[in-house]
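Please keep the sequence and the coordinates at hand while reading.

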Amino acid sequence: MPEGHTLHRLALTLDRAFAGTRPRASSPQGRFVDGAALIDGRLLERAEAWGKHLFLVFEGDVILNIHLGLIGVLDVTGYEGVVPAPVGAVRLRLVGERHVADLRGATVVEIVTPEEMDATLARLGPDPLRAGTESNEPERALARMARTGRTFAETLMDQSVIAGVGNLYRCEVLFRHRVDPFRPAKEIRPATFLRIWDDLVDLLAIGVAFGQIITMEHQLEEAREILRGLDESASDAYRHHRLTLVDWQGRDEAEAGGRPAYERSGPFPREYAVYQRNGEACYTCGSRIRTRVVAGRNLFWCGRCQRRR
DNA sequence: GTTTAATGGGTAT
DNA sequence: TACCCCTTAAACT
């Protein structure tokens with residue numbers, strides 16, 4: 001399920017599975033029949049992610065735009081021999097020589113023009129997974145934050161301020177930096193925000209590599225250790241477009257014998273500092289984790305560790 | 001068997 | 001702020 005790391009991992013996975021080929025497209029569920037017909041057998045040039053938006057660019061300026069929304073899933077799996085039958089409400093299926101991609105539950109599945117794609121991108125704030133590239137600098141987010149009366153927790157969910165961060169990364173990164181979620185965004189010190197940005201660049205990249213959100217320090221240390229073992233230059237290799245993909249057993253996907261790169265869950269058990277821990281004791285100070293709906297989603301935070309200073 | 005919640009986001013009120 | 005869309009699985013009765 002989808003925050004920015006999911007879409008970037010999918011873009012890389014789809015690129016490896018289908019770019020340069022002409023996958024067959026269909027809509028087993030029947031709700032994307034016309035769109036599927038437009039891309040069926042068409043050459044896929046590349047797959048790209050920006051924030052939580054995914055684009056499959058086919059030849060002839062035909063672009064498939066996918067947004068998974070809250071519950072959408074895009075499964076990419078490998079097969080040999082017979083193509084497996086679709087299970088459930090598969091709105092779009094792509095079939096290649098050795099891979100099948102099944103899309104379910106997405107809020108946006110549509111064919112767009114390059115101009116429409118550009119218009120979508122123009123509405124997005126900087127994406128930490130594209131840090132260091134054109135107009136993806138944190139200063140742009142800071143400028144937006146300085147002009148709003150909203151709380152920091154609200155702006156972290158606003159894709160036009162910062163692209164790719166969702167509710168889980170929001171809760172956890174606020175805790176990691178001991179920031180009061182209800183502090184007005186304009187009062188956050190730039191140095192504090194830049195530290196948070198750098199942390200998000202690291203956290204999201206690790207999320208891409210493992211296909212899961214990892215925010216607990218002991219798990220992060222293990223994750224970084226695995227990445228170092230896979231690639232001596234991992235410290236910058238897992239940034240930008242040279243991200244290492246690790247399968248569910250912690251193996252480098254490329255070295256795992258062509259096994260499917262994308263798995264629904266990674267090798268680490270789900271464990272978070274505050275997310276969905278309402279009423280439980282904070283691991284740091286012991287006080288009870290609290291929750292409240294902020295920007296339409298359940299925010300979780302420690303009222304003591306994240307008290308305004 | 002039915003209800004609810006889930007890592008989103010758009011539109012109406 | 002409310003309600004809508006998308007789908008599935010876990011948590012209820």
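In chain A, residues 24 or more positions apart account for 62% of the contacts with a separation of 6 or more, a contact being heavy atoms within 4.5 Å. This is a predicted model, in which local features need pLDDT of at least 70 and side-chain atom pairs count only at pLDDT 80 or more, whereas totals for chains, interfaces and linings use all residues. Residues are numbered from 1 along each chain as its sequence is written, chains are lettered from A and ligands numbered from 1 in the order in which they are written, and side-chain values use heavy atoms, with hydrogens and water left out.

Chain A holds 9 helices and 10 strands, where helices (H or I, at least four residues) and strands (E, at least two) are DSSP runs numbered from the N terminus. Of its 309 residues, 56% count as buried, that is, under 20% relative accessible area with a 1.4 Å probe and protein chains only, while exposed means over 50% and partly exposed lies in between.

An open sheet is formed by 4 strands in the order β1-β6-β7-β5, with antiparallel pairing; strands pair if DSSP finds at least two bridges between them. Its edge strands, β1 (24-26) and β5 (73-78), each pair on one side only. Within this sheet, β6 (residues 92-95) and β7 (residues 99-104) are joined over 4 bridges, and Leu94 stands opposite Ala101 in β7.

A search of the whole structure finds 5 aromatic pairs; rings of Phe, Tyr and Trp (its six-membered ring) pair if their centres lie within 6.5 Å, and planes under 30 degrees apart count as stacked, over 60 as edge-to-face and the rest as tilted. Two of the pairs are tabulated here.

| Pair | Centre to centre | Angle of planes | Class |
|---|---|---|---|
| Phe182 and Trp301 | 4.9 Å | 75 degrees | edge-to-face |
| Tyr275 and Phe300 | 5.5 Å | 80 degrees | edge-to-face |

Phe182, in the loop between α6 (167-176) and α7 (190-210), is 119 residues apart from Trp301 in strand β10 (residues 297-302), and Trp301 counts as buried because its relative accessibility is 5%. Phe300 also belongs to strand β10, and its partner Tyr275 lies in the loop between α9 (234-237) and β9 (289-294). Tyr275 is buried at 17% relative accessibility, as is Phe300 at 7%, and ring pairs link Tyr272, Tyr275 and Phe300 into a cluster.
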